[in-house]
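Subject: Handing over a structure

Hi,

Here is the structure I promised you. Please open it alongside this email, as my notes follow just below.

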Amino acid sequence: MEQEPWDLAVVGAGPAGSVCACSALGTHEGIRVALIDRETFPRDKPCGDAIRQDAVSVLEELKLNAIFAGRSRIDRSRLNFPHKFQYLKKLIDFDRYTYYIVERKLFDTALYEAAIQRGAHDLTGYTMNGAVFDESAGLWNLTIKQRRGCDVLIRARVLVGADGASSRVRRVAGLELNSEKHVAVGVRAYAQLEGFDKGALQIDFLGRLIPGYGWIFPLQNNKVNIGVGLDIRDYKAAGKSLKSHLDDYVQYLAREGLVIHDLNNISTHPLPLAFSELPLVPQRQVALIGDAAAMIDPFTGEGIHFGIWAGYALGRAVSEGLREQCLLSAMERFETTYTDKFDSLMEDSQQLRVMLRFQRMLI
Ligand SMILES: Cc1cc2nc3c(=O)[nH]c(=O)nc-3n(C[C@H](O)[C@H](O)[C@H](O)COP(=O)(O)OP(=O)(O)OC[C@H]3O[C@@H](n4cnc5c(N)ncnc54)[C@H](O)[C@@H]3O)c2cc1C
């Protein structure tokens, strides 16, 4: 596969990576983009499937919003707290946002397919195992491999790590993954639930697991996305599986009169939570976006719209930087714009999370 270097090698075709590819291709027609993912699509991703309006607006800009056609927009939430935390209802206001709930299998596949249709070179089914920067050529050499294939070398001017919670690119760039202080874990399933209010998100803050919570998010035809997310330290201290936490939640709901049927597709995944010291452009010609860059709100656990926003901004920055021969400053500008926009929000969320963990000891 020895060939002309790619302008952009995007590792990870989740929402952050696919949007980055679409954005780069839409900004600069001649740009050569390789989109690499170890999975082939359609693929599932454990998630609450709740996509906030901010992401929808970016996707509209890229004409990628057809996926929401025929789906209802949700603009209400039901938050349930233990008695001593009722005051939080005034503090936490999910109702200022609107959401679409779309199964990630469908959502991610639509974004990946759009990236390929718009000209990204399809390297799904390939795992990126390593990358080294060749100073003299100013290029990244990436080693990628199909499941039963041999190593293949590709070269690229810019390497984008959109490869999720266990990002290989982040480690190649010399950064460790999040310490436990900034990690949550979640379990997600699909189920049937009759008589559920389809116009609202339900969020149940679960006693001693606060700031962790259980959720039910409505899909179509009485299908719901149901799950539980909690701090990894609380998960380890509780000493039971995430599936058991989900079972506890299902029992809690039954006591509240919500009887869940046909629990299926149960899967678990870590959530790398945002913290401010992490660089998004850790080395020359490499950038991190999405979960690879820990772009998850430490309190709500949402990461899709931050990853999409970053993918969009980075794709544009790299394209413009290549076209106008000011790549490094364009990438630095991307980092500054992202941190200016989201750092204080993430810090407030982190403080709320720490405060709630402390206060729940008083229950
Ligand atoms: C249980 C749970 C519930 C959640 N609920 C919500 C929610 O309701 N709303 C919300 O906004 N956020 C939610 N999140 C967070 C959200 O799922 C993530 O923030 C989002 O998926 C990040 O997208 P991404 O594109 O960065 O990474 P991903 O979607 O994880 O995609 C990364 C891709 O990289 C590929 N990859 C990884 N390593 C390699 C490699 N070495 N080589 C090639 N490819 C590789 C993977 O196959 C994958 O396709 C939830 C998370 C969890 C765990």
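Let me begin with the ligand: 39 residues surround it, and the closest are Gly 14, Gly 48, Gly 186, Gly 290 and Gly 303. A residue is taken as near a molecule if its C-beta atom, placed from the backbone, lies within 6 Å of it. Elements giving two or more residues to this shell are helix 1, strand 2 (33-37), strand 7 (126-134), strand 10 (183-192), strand 13 (223-231), strand 14 (261-272) and helix 8 (304-323). By type, the shell residues divide into 14 nonpolar, 15 polar and ten charged (Ala, Val, Leu, Ile, Met, Phe, Trp, Tyr, Cys and Pro count as nonpolar, Asp, Glu, Lys and Arg as charged, and the others, Gly among them, as polar).

Before you go further, a word on the basis: this is a predicted model, in which local features need pLDDT of at least 70 and side-chain atom pairs count only at pLDDT 80 or more, while totals for chains, interfaces and linings use all residues. Residues are numbered from 1 along each chain as its sequence is written.

The chain has nine helices and 15 strands; these are DSSP runs numbered from the N terminus, with helices being H or I of at least four residues and strands E of at least two. Its C-alpha trace spans about 65 × 40 × 40 Å along the principal axes.

Two helix pairs may interest you. Helix 1 (residues 15-27) packs with helix 4 (residues 104-117) at an angle of about 25°, their axes 8 Å apart (axes are lines fitted to C-alpha atoms, for helices over the stretch in contact, and angles run from 0 to 180 degrees between N-to-C directions). The two are therefore roughly parallel, a term for angles under 35 degrees. Pro 15, Ser 18, Val 19, Ala 21 and Cys 22 of helix 1 meet Asp 108, Leu 111, Tyr 112, Ala 114 and Ala 115 of helix 4, where contact asks for C-beta atoms, placed from the backbone, within 7 Å. Those residues divide into eight nonpolar, one polar and one charged.

Helix 2 (residues 53-61) and helix 8 pack at about 30°, again with axes 8 Å apart, which makes helix 2 roughly parallel to helix 8. On the helix 2 side the contact uses Asp 54, Ala 55, Val 58 and Leu 59, and on the helix 8 side Ile 304, His 305, Ile 308, Trp 309 and Tyr 312. This contact divides into seven nonpolar residues, one polar and one charged.

Best wishes

Terms used:
Parallel < 35°, antiparallel > 145°, perpendicular 65-115°, else oblique. Contact = placed C-beta atoms within 7 Å.
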